[in-house]
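Visitor: I am new to this one. Please show me how to read it, feature by feature.

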Amino acid sequence: MRITILDHGLATRTGHHFDYCHSIAGGLLQKGVDVNVCVFQGAQPEVGDAFRALGCTFTPAFSQFAYASPQFGKHPHQLLDAIAQQAAAEMAGLPGADLWLFPTLTADHLLAFSLTPNPPPALGMVHTDPQALHALGGRAWAQGGDNILQRGLKVRIGAVDPLVGDYVQTYSAGLPIGAMPLPVRGPSRTHYPALPRTIGFFGHQRPERGIALIPDLARQLLALDYEVVLQDTRQQFQSRGTHPRLHLRAFASDLCAEMAACDLVVCPMDRKNYTQRLSGIVYSAVASGVPFVLPAGTLSAIRTQALGASCAYVEHTVEGILAAVQKLAASYPAHARGAERGARLFREQHGLDRFVQMLLDEVAVTG
């Protein structure tokens with residue numbers, strides 16, 4: 001059995017694109033599946049090294065990066081069609097497979113798939129409204145959905161969250177959007193101290209993830225005698241000096257294991273960018289059984305508030321986030337119980353093993 005993973009947003013050894021593809025590939029390989037991982041042609045060399053070390057075939061297949069903003073100019077529809085046709089030609093050149101998996105399915109790749117001659121059955125996970133990447137995303141998704149239905153292609157699409165699914169469904173006409181388990185794995189915490197001592201910042205550090213606030217937050221947390229763990233895959237914080245209680249992580253091969261070693265995780269993402277998107281870091285914290293701080297008004301805050309594992313802040317400032325950390329710390333045992341319960345509920349619905357089994361079942365049904 002061969003499953004091909006397609007992700008033209010995978011370019012660096014960080015973020016959910018890498019984490020999802022790497023963990024899914026590893027899970028499939030353990031089941032004896034032949035895996036080909038197809039990514040953006042400009043992916044950094046260490047990305048290919050990581051997948052080849054797993055035992056995958058690694059193919060830099062796609063000339064268009066998922067997050068490159070097209071300059072549509074005076075003829076936007078023609079350029080969109082040309083981009084989709086190019087991606088379709090690149091897909092058509094891939095070796096045969098029993099299933100194509102799009103861990104982060106974008107509108108342009110749905111359209112490209114719909115134009116590919118004789119593609120295998122496909123499964124895709126959608127994370128955002130189709131318009132999120134560019135202004136013609138909705139058109140690309142609608143057109144791709146129409147093509148798939150007209151051609152009778154075998155496609156199963158799931159959303160990372162019901163709200164995301166509802167948004168995407170409005171573009172999809174007769175193409176149904178269902179639910180899927182999140183492929184997040186790792187150990188979850190079961191023992192907690194009376195008070196938090198180690199605070200973690202994880203993920204691909206960038207502006208929408210609060211990178212501008214992290215240096216001051218880390219300094220103040222260190223001044224309060226906390227241990228601070230900072231995932232710094234791009235080595236953006238290396239020049240800021242060292243501190244005996246500041247632990248930089250160049251790469252987390254098992255994100256949940258790194259989180260489970262912390263007592264609290266801070267997720268300082270930009271509210272406006274996450275009102276209709278889930279944060280993968282938040283859900284990794286849930287899966288790890290670790291209490292967390294996040295901004296109020298985000299989809300992640302809505303989905304997790306009933307667990308009692310988190311404290312949501314309103315002001316997106318160092319002072320506002322620090323106040324939320326201190327509030328959570330003041331009632332840490334209650335939040336720890338909520339985090340332990342949240343991890344248990346997460347494992348009942350999600351996890352890498354469930355996701356991999358879903359893929360194997362899909363091949364059995366469509367093969």
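**Strands, charges and a histidine**

Guide: Start with a pair of strands. Strand E12 (residues 292-295) is joined to E13 by 4 bridges, and the two run parallel. Keep in mind that this is a predicted model.

Visitor: Which residue of E13 is the bridge partner of Val293?

Guide: Cys311 is the partner of Val293.

Visitor: What is the strand order in the sheet?

Guide: Read it from one side to the other: E10-E9-E8-E11-E12-E13. That makes an open sheet of 6 strands, with parallel pairing.

Visitor: Which strands are the edge strands?

Guide: Look for strands that pair on one side only. Here they are strand E10 (246-249) and strand E13 (310-313).

Visitor: By how many degrees are neighbouring strands of this sheet turned against each other?

Guide: The average is 25 degrees, with direction ignored.

Visitor: Which helix lies across E11 and E12?

Guide: That is helix H9, residues 280-288. Helix H9 runs at about 155 degrees to E12.

Visitor: Now the charges. How many salt bridges does the count come to?

Guide: First the general idea. Side chains of opposite charge can pair when their charged atoms come close. In this model the count comes to 10 salt bridges. Let us take three cases.

Visitor: Where do Arg52 and Asp49 lie?

Guide: Both are in helix H2 (residues 45-54).

Visitor: Is Arg52 buried, exposed or partly exposed?

Guide: Check the relative accessible area. Buried means under 20%, and exposed means over 50%. Arg52 has 47%, so Arg52 is partly exposed. Asp49, at 48%, also counts as partly exposed.

Visitor: What about a salt bridge between distant parts of the chain?

Guide: Take Asp161 and Arg303. Their side chains meet in a salt bridge of 2.5 Å, N to O. Asp161 lies in the loop between strand E6 (155-159) and helix H6 (162-172), while Arg303 is in helix H10 (residues 299-304). The pair is 142 residues apart and links distant parts of the chain.

Visitor: How accessible are Asp161 and Arg303?

Guide: Asp161 has 3% relative accessibility, so Asp161 counts as buried. Arg303 has 35%, so Arg303 is partly exposed.

Visitor: And the third case?

Guide: Arg189 and Asp263 meet through their side chains in a salt bridge of 2.8 Å, N to O. Arg189 sits in the loop between strand E7 (177-179) and strand E8 (198-201), and Asp263 in the loop between helix H8 (255-260) and strand E11 (264-266). The pair therefore ties together parts that are 74 residues apart in sequence. Arg189 is buried, at 16%. Asp263 is buried too, at 5%.

Visitor: Let us finish with one residue. Where does His127 lie?

Guide: His127 is in the loop between strand E5 (122-126) and helix H5 (137-151).

Visitor: Is His127 buried or exposed?

Guide: Apply the cut-off again: buried means under 20%. His127 is at 14% relative accessibility, so His127 counts as buried.

Visitor: Which side chain does the side chain of His127 join in a polar contact?

Guide: That of Thr104, at 3.5 Å. A polar atom of the His127 side chain also lies 2.9 Å from the backbone oxygen of Pro103.

Visitor: Which residues does His127 touch?

Guide: Leave out residues up to four places away in sequence. Then His127 touches His16, Tyr20, Pro103, Thr104, Val160, Val164, Gln276 and Arg277.

Key
Residues numbered from 1 in each chain as written. Predicted model: local features only at pLDDT ≥ 70, side-chain atom pairs only at ≥ 80, totals over all residues. Heavy atoms only, no water. Buried < 20%, exposed > 50% of the residue type's maximum accessible area, 1.4 Å probe, protein only. Polar contact = N/O pair within 3.5 Å; in protein donor to acceptor, adjacent residues only side chain to side chain. Contact = heavy atoms within 4.5 Å. Salt bridge = Lys/Arg side-chain N within 4 Å of Asp/Glu carboxyl O. Pairing = 2+ DSSP bridges. Axes fitted to C-alpha atoms, helices over the stretch in contact; angles between N-to-C directions.
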